[in-house]
Amino acid sequence: MIRLVPFILLIFIFSACGPISERKQPVPSLYQLSQMDLNLDGEKLAELYCGNCHLKPDPEILDRNTWETKVLPDMRMRMGLYLAEDFGVTLPADNGVPKGIYSEIPLIKRDDWQKLKNYYLESAPTTPLPQKEKISPKVGIPNFEVEIPEIDFLYPDLITMIHVDDDSNIWLGHRFKRLFQLKFDEGFKLVDSLITDVAPVSIHFNQTGFELLSMGLMDPSNDSLGTLEQLEKVGQKWEATRLNSKLMRPVDLAVGDLNGDGREDRVISQFGNHLGKLSVFFSKENGKEEVVLKALPGARKVELVDFDQDGDLDVIGMMTQAREGIYFWENVGDQRFSEKVLLEFQPAFGSSDFQLVDINRDGLLDIVMVNGDNADLSQIFKNFHGVRIFKNKGGLEFEETWFYPMYGASGIKADDFDQDGDVDLVAISFFPDTKQSPKQDLIYFENKGLYQFQPYVSGLDSDANFLIIAKGDIDQDEDQDILVGAFDFDDLYKKPSENWRPLILLRNKIF
């Protein structure tokens, strides 16, 4: 029996060092790897160790300094290996990181770590790679009139949510725990405002009022302050009923009848930080029942569609953080779901938003998405940030058919904005390169057919960052307008001195 051990380890290592998609044997755990004499080079060690938790990142995605000073030290400490250089540095436990995120025992030998580290530092570029050549955007968006509405009172520009309802009311969530209702009537008018427990991020209207999802702390946190409330207007006052509490930094709410019992169920993306999850809350006569689809942080957004066309609603969702990708949770009945990965990305990809839409009009839902989240360990301009279309080839197979580089891309909306029979796109960036000319924090892509798009920018000079994008017919002229939420970092720390300018409006003038 003792003689068989080296042979078994050899099978493990041989199979694990190939591409993840081709592996025949299960990958050894990090602990198992730490007990082996691997005798592998840095690249194969990276495939084993990095690929154990997520898709292995290639060295060229980041510059050498970012690898050396930010990403690699954090990965090393997550694997429980601490070195003399860590003394005097604030450790994860001192920052309130929950137990289990950073290992309490070393899961990699020091020599193996050094080889892995050298592989990344020797292969990484000295400076971030530039964007690939792309069509330069034209200034001025056809058929759209750009406006920055002013509301006549002093308030900071810190928008966390925009929603246009069926009656063309505009609902704005604010970081400072407020919900505003605006109406456009040859100008914006403030109709109502509500104080909320925490910052609103998603809203769903129903027969008696609306459900409001609020995220808790907007900054990275493991707190469970998020809430879901039902609000109903009684006379001139809004009354709130708590539906869910102690949610882990939730960011998205989707509603639909997932088990066919005639009641609306809720899927809540609890982004969290080190902890988080994606949950279905099934409505019951005596309350609700939670089914966890993914017990990991980074749940960003879902869409509920009958993706496999078997008569019930499935869940298509975006996971960010380490295990980035687009996932399909097939509804198999009895409140059970089967997970399948549609797209998988490396952990610095920065997935931010997506939409399901039939771009090529073949009857299959394609995936339009943006990636540009840039707020964690690698705050550099990344040439792989941008806007993408993944064509649905059928059989749960998707193929990237179009990519437009866009630093910090954070939001996407797809619609036939010019009403010529095809789908146009508009994307925003929360982390743009302000030195680019023209400024590319909002780009409109006019569909020219055959996956060809002409990009346009507004030419607007705004100091605010663009965190939220929405669409809706706010002026009731039967075309889709575009609304972008302003988030001015300066307003976090200073007393407001100017009229409130919460929105950038792209008013569609095709009619």
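Predicted model: local features only at pLDDT ≥ 70, side-chain atom pairs only at ≥ 80, totals over all residues.
Helices (H or I, at least four residues) and strands (E, at least two) are DSSP runs, numbered from the N terminus. Residues are numbered from 1 along each chain as its sequence is written, and side-chain values use heavy atoms, with hydrogens and water left out.

**Domains**

- The protein chain splits into domain 1 (20–123), domain 2 (227–344) and domain 3 (346–510); the bounds come from an automatic or database domain assignment.
- Between domain 1 and domain 2, the C-alpha centres are 32 Å apart.
- Eight residues of domain 1 are in contact with five residues of domain 2, where contact means heavy atoms within 4.5 Å.
- The size of an interface is often given as the accessible area lost when the parts come together. Here, domain 1 and domain 2 bury about 560 Å² between them, with carbon and sulfur atoms giving 67% of that. Buried area is what two parts lose in accessible area (1.4 Å probe) on being put together, summed over both.
- The side of domain 1 that touches domain 2 has six nonpolar residues, one polar and one charged. For this sorting, Ala, Val, Leu, Ile, Met, Phe, Trp, Tyr, Cys and Pro count as nonpolar, Asp, Glu, Lys and Arg as charged, and the others, Gly among them, as polar.
- One residue pair is in polar contact between domain 1 and domain 2 (both at pLDDT 80 or more). A polar contact is a pair of N or O atoms within 3.5 Å; within protein, one must be able to donate a hydrogen and the other to accept it, and residues adjacent in sequence count only if both atoms are side-chain atoms.

**Salt bridges**

- Side chains of opposite charge can pair when their charged atoms come close. The cut-off used for a salt bridge is a side-chain nitrogen of Lys or Arg within 4 Å of a carboxyl oxygen of Asp or Glu.
- That rule gives 28 salt bridges, but zero of them between domain 1 and domain 2.
- Arg-242 pairs with Asp-197, with the closest N and O atoms 2.5 Å apart. This ties together distant parts of the chain, 45 residues apart: Arg-242 is in strand S11 (residues 237–247), and Asp-197 is in the loop between strand S7 (188–195) and strand S8 (200–206).
- Arg-242 is partly exposed at 41% relative accessibility, and Asp-197 is partly exposed at 43%. The scale runs like this: buried means under 20% relative accessible area, exposed over 50%, partly exposed in between (1.4 Å probe, protein chains only).
- Glu-229 also forms a salt bridge with Arg-242, at 3.2 Å between the closest N and O atoms. Glu-229 sits in strand S10 (residues 226–234), 13 residues apart from Arg-242, and is buried at 13%.
- Glu-290 and Lys-277 meet in a salt bridge at 2.9 Å, N to O. Strand S15 (residues 287–294) holds Glu-290, and strand S14 (residues 277–284) holds Lys-277.
- Arg-76, Glu-85 and Asp-86 are joined in a network of salt bridges.

**Helix H3**

- Helix H3 (residues 42–49) is largely enclosed by the rest of the structure, because six of its eight residues are buried. Among them are Leu-45, Glu-47 and Tyr-49.
- Asp-41 caps the N-terminal end of H3, with a side-chain oxygen 3.3 Å from the backbone nitrogen of Glu-43.

- Asn-508 is in strand S31 (residues 503–508) and is buried, at 1% relative accessible area.
- The Asn-508 side chain reaches the backbone nitrogen of Ile-510 at 3.1 Å.
- Leaving aside neighbours within four places in sequence, the contacts of Asn-508 include Phe-144, Phe-417 and Gln-480.
- Phe-144 lies in strand S2 (residues 144–147) and is buried at 11%.

- The peptide bond from Ser-437 to Pro-438 is cis, with omega near 0 degrees. Pro-438 is in the loop between strand S25 (424–429) and strand S26 (442–449).
- Gln-419 is not a glycine, yet has a positive phi of about 55 degrees; Gln-419 is partly exposed, at 38%.
- Glu-478, also not a glycine, has a positive phi of about 70 degrees, and is exposed at 67%.
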